[in-house]
Amino acid sequence: MNSTAPLYEGKAKKVFATENAGEYIVEYKDDATAFNAQKRGEWAGKGATNNAITAHLYPLLEEAGIPTHFIAKLSDTEQRVKAVTIVPVEVIVRNVAAGSFCKRLGLEEGESLGRPVVEYCYKSDALGDPLINSDTAIALGWASEADLTRIRELALKVRDFLTPYFEARGVRLIDFKLEFGKLPSGEIVLADEISPDTCRFWDAETGERLDKDRFRRDLGGEAEAYAEMLKRVTKEV
Ligand SMILES: Nc1ncnc2c1ncn2[C@@H]1O[C@H](COP(=O)(O)OP(=O)(O)OP(=O)(O)O)[C@@H](O)[C@H]1O
Ligand SMILES: [Mg+2]
């Protein structure tokens, strides 16, 4: 456990400085929030599960040609990462209609999309992460056109890797949210986390939700669902 004050404490993680200015330690917490933190909860083991899932996936993404911030898993709840300047644009990739996409467009959850959809939201808790487009991000100086081209390319590469990866483990990857950051060199890398907090995972056989929708929608069994996802993610096939 870290004894110093975090540089930043978010809803799900704390970020700590290290002896090396180019590296941070991220600590995953057991807290859960939904609907822009209007709903709050926590359960034992959530932080460790999300840390383990992210720490398993990021090296695989690196091998697949996607640069990430991940350096090493340090403990159950901590990992060492490269310090980046986070691009304040959340990137959502959708394979199947669900959640806010259905609300906004009047669609039935579970409708397959003809091709993956990449959406952008402005990373602002105060505004509730509003949907934007790439022109908005460029005009307001959140990212350059070249950055966004790269971000979109990497986001689709993540999707192309993860979709069959989960399919092979009996999970439909419905949609997910990514955050990207910039290294001092200007290189864009995948940052933050990939976990049941940030993805929709549906069991391929039963359609059972294995992600944060269990908490959002009061379905119960969130700890079991997250543990099941860690099992599937680390399963050799
Ligand atoms: N490599 C990194 N360098 C710097 N910041 C990072 C890095 N990876 C993730 N972050 C940031 O660390 C924070 C992680 O905390 P957490 O996920 O709890 O935030 P959050 O509550 O989702 O809030 P928000 O993302 O809106 O700040 C996020 O702000 C995320 O953008
Ligand atoms: Mg977060």
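Biologist: How do the residues of the shell around ligand 1 divide into nonpolar, polar and charged?

Modeller: The model is predicted. Around ligand 1 there are 19 residues, among which Gly-10, Lys-11, Ala-12, Lys-13 and His-69 come nearest. Strand E2 (13-17) and strand E7 (78-82) each supply at least two residues of this shell. By class, the shell divides into nine nonpolar, three polar and seven charged.

Biologist: Which strands stand at the edges of the open sheet, each with a single partner strand?

Modeller: Three strands form the open sheet, with antiparallel pairing, in the order E8-E13-E14. A strand with a single partner has one side left without a neighbour in the sheet, so the edges are strand E8 (85-86) and strand E14 (188-190).

Biologist: In E13, which residue is the bridge partner of Thr-85?

Modeller: E8 and strand E13 (residues 180-182) run antiparallel and are joined by two bridges. The partner of Thr-85 in E13 is Lys-182.

Biologist: Which element gives the largest share of the largest nonpolar core?

Modeller: This core has 48 residues, and those with the most contacts inside it are Val-91, Ile-151, Leu-173, Phe-180 and Phe-201. Elements that give two or more residues to the core include strand E9 (89-96), strand E12 (171-178) and helix H6 (222-233). The largest share is seven residues, and it comes from H4.

Biologist: At about what angle does helix H4 run to E14?

Modeller: Helix H4 covers residues 145-167. The helix lies across E13 and E14, and its angle to E14 is about 30°.

How values were computed. Residues are numbered from 1 along each chain as its sequence is written. Chains are lettered from A and ligands numbered from 1 in the order in which they are written. This is a predicted model: local features need pLDDT of at least 70, side-chain atom pairs count only at pLDDT 80 or more; totals for chains, interfaces and linings use all residues. A residue is near a molecule or strand if its C-beta atom, placed from the backbone, lies within 6 Å of it. Helices (H or I, at least four residues) and strands (E, at least two) are DSSP runs, numbered from the N terminus. Ala, Val, Leu, Ile, Met, Phe, Trp, Tyr, Cys and Pro count as nonpolar, Asp, Glu, Lys and Arg as charged, and the others, Gly among them, as polar. Two strands pair if DSSP finds at least two bridges between them. Two residues are in contact if their C-beta atoms, placed from the backbone, lie within 7 Å. Axes are lines fitted to C-alpha atoms, for helices over the stretch in contact, and angles run from 0 to 180 degrees between N-to-C directions. A nonpolar core is a set of buried Ala, Val, Leu, Ile, Met, Phe, Trp, Tyr and Cys residues joined through C-beta atoms within 7 Å. A residue is buried if 20 or more other C-beta atoms lie within 10 Å of its own, exposed if 12 or fewer, and partly exposed in between; C-beta atoms are placed from the backbone.
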